[in-house]
Amino acid sequence: MSEKKQSALGILKFATIVCLFCSLFVSTAAVSLRGFQKQNAENEKKINILRAAGLAGAEERLSTEQINEKFAQIIPLVIDLRTGEPARDKNPLTYNMYNAAQSDNEGHALIDDPAGIKRIAKEGLAYVVADGDQISRLVLPIQGYGLWSTMYGFTALSFKDQQPTLTGITFYQHAETPGLGARITEPEWQEKWADIVPYDDNGNPHIDLVKVRSHEAKNQVDAIAGATLTSNGVEHMMNFWLGEQGYKPLVDHIRNGEITLANLRDASQAAIRQKTEQ
């Protein structure tokens with residue numbers, strides 16, 4: 001074999017070894033980071049629930065241990081969206097309502113779809129914060145389409161008064177325009193949602209995002225300047241999830257005293273215990 005052929009063969013062998021090594025390195029790194037990435041995603045979700053519930057500040061940085069310690073104050077639930085009743089056969093710590101929405105058995109297509117989500121699960125997640133033996137706040141997942149993407153977040157209702165009020169809104173996943181629609185994640189804008197009255201006198205959701213808010217209108221929130229479609233998306237998703245197809249049946253049960261904190265705590269514990277024992 002000529003020196004040229006031997007040289008070319010040597011280069012090919014060397015390149016092959018390098019490629020195999022790089023592939024092995026990338027694969028190993030991807031596998032080793034998967035658990036870390038999953039933990040980060042779970043922490044991000046929990047911190048947004050805590051912020052919506054008023055148990056963590058907008059700029060507060062928490063370790064995994066601190067997040068879990070604060071999250072222990074929250075009662076997680078799976079709710080039948082048709083009836084507003086808590087489910088006892090699904091573990092709220094592992095149930096994924098967005099995955100369930102894609103299942104023919106656990107979800108269904110939407111005909112009336114102002115939030116632009118196409119499908120919805122028959123059962124949704126909810127998170128309760130207690131104050132003594134009373135329900136203080138109800139944290140609800142929200143999902144809806146903006147300008148470029150589906151936005152995912154949480155909002156919270158306070159039941160301290162006869163008329164429920166919003167205590168906050170957070171977003172943990174979106175692909176809206178930086179500097180415009182992406183401002184939905186800015187604490188300054190999120191603070192504008194505090195004390196908003198989301199339901200009218202007939203109990204229907206009527207949140208309104210406007211260019212100039214009237215201080216007399218308790219249902220209005222300042223829209224984001226230059227991000228009309230994102231603002232419209234947030235308005236539609238909030239009214240959808242607080243409405244009949246979303247969590248209004250549960251909200252009505254709580255307002256009317258038909259579901260108590262004891263009922264919800266018992267259902268949560270039963271669902272977690274049942275699935276843990278299986």
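Is lysine 118 buried or exposed? Lysine 118 counts as exposed, because its relative accessibility is 63% (buried means under 20% relative accessible area, exposed over 50%, and partly exposed in between, with a 1.4 Å probe and protein chains only). Welcome to a predicted model, in which local features need pLDDT of at least 70, side-chain atom pairs count only at pLDDT 80 or more, and totals for chains, interfaces and linings use all residues. Residues are numbered from 1 along each chain as its sequence is written, and side-chain values use heavy atoms, with hydrogens and water left out.

**Two residues with positive phi**

- Lysine 118 sits in the loop between strand S2 (107-109) and strand S3 (119-121); helices (H or I, at least four residues) and strands (E, at least two) are DSSP runs, numbered from the N terminus.
- The phi of lysine 118 is near 70°, a positive value in a residue other than glycine.
- Aspartate 195 also is not a glycine, and its phi is positive at about 70°.
- You will find aspartate 195 in the loop between helix H4 (187-190) and strand S8 (208-210).
- Aspartate 195 is exposed because its relative accessible area is 61%.

**The largest pocket**

- The largest pocket has a volume of about 600 Å³.
- A pocket is an open set of points on a 1 Å grid over the protein atoms alone, where a 1.4 Å probe fits, with protein on both sides within 12 Å along at least five of seven lines; lining residues have an atom within 4 Å of a point.
- Grid points are joined across faces, edges and corners, and a volume is the space filled by probe spheres set on the points.
- The lining of the largest pocket has 23 residues, and Ala41, Glu42, Lys45, Asn96 and Tyr172 lie nearest its centre.
- Helix H1 (3-53) gives the most to this lining, with seven residues.
- Among the other elements that each supply at least two residues are helix H3 (97-101) and strand S4 (123-131).
- By class, the lining of the largest pocket has 14 nonpolar, four polar and five charged residues (Ala, Val, Leu, Ile, Met, Phe, Trp, Tyr, Cys and Pro count as nonpolar, Asp, Glu, Lys and Arg as charged, and the others, Gly among them, as polar).

**The second largest pocket**

- The second largest pocket holds about 330 Å³ of space.
- It is lined by 21 residues, with Arg51, Ala58, Ile169, Thr170 and Gln190 closest to its centre.
- H1, S7 and H4 are the elements that give two or more residues to the lining of the second largest pocket.
- S7 gives the most to this lining, with five residues.
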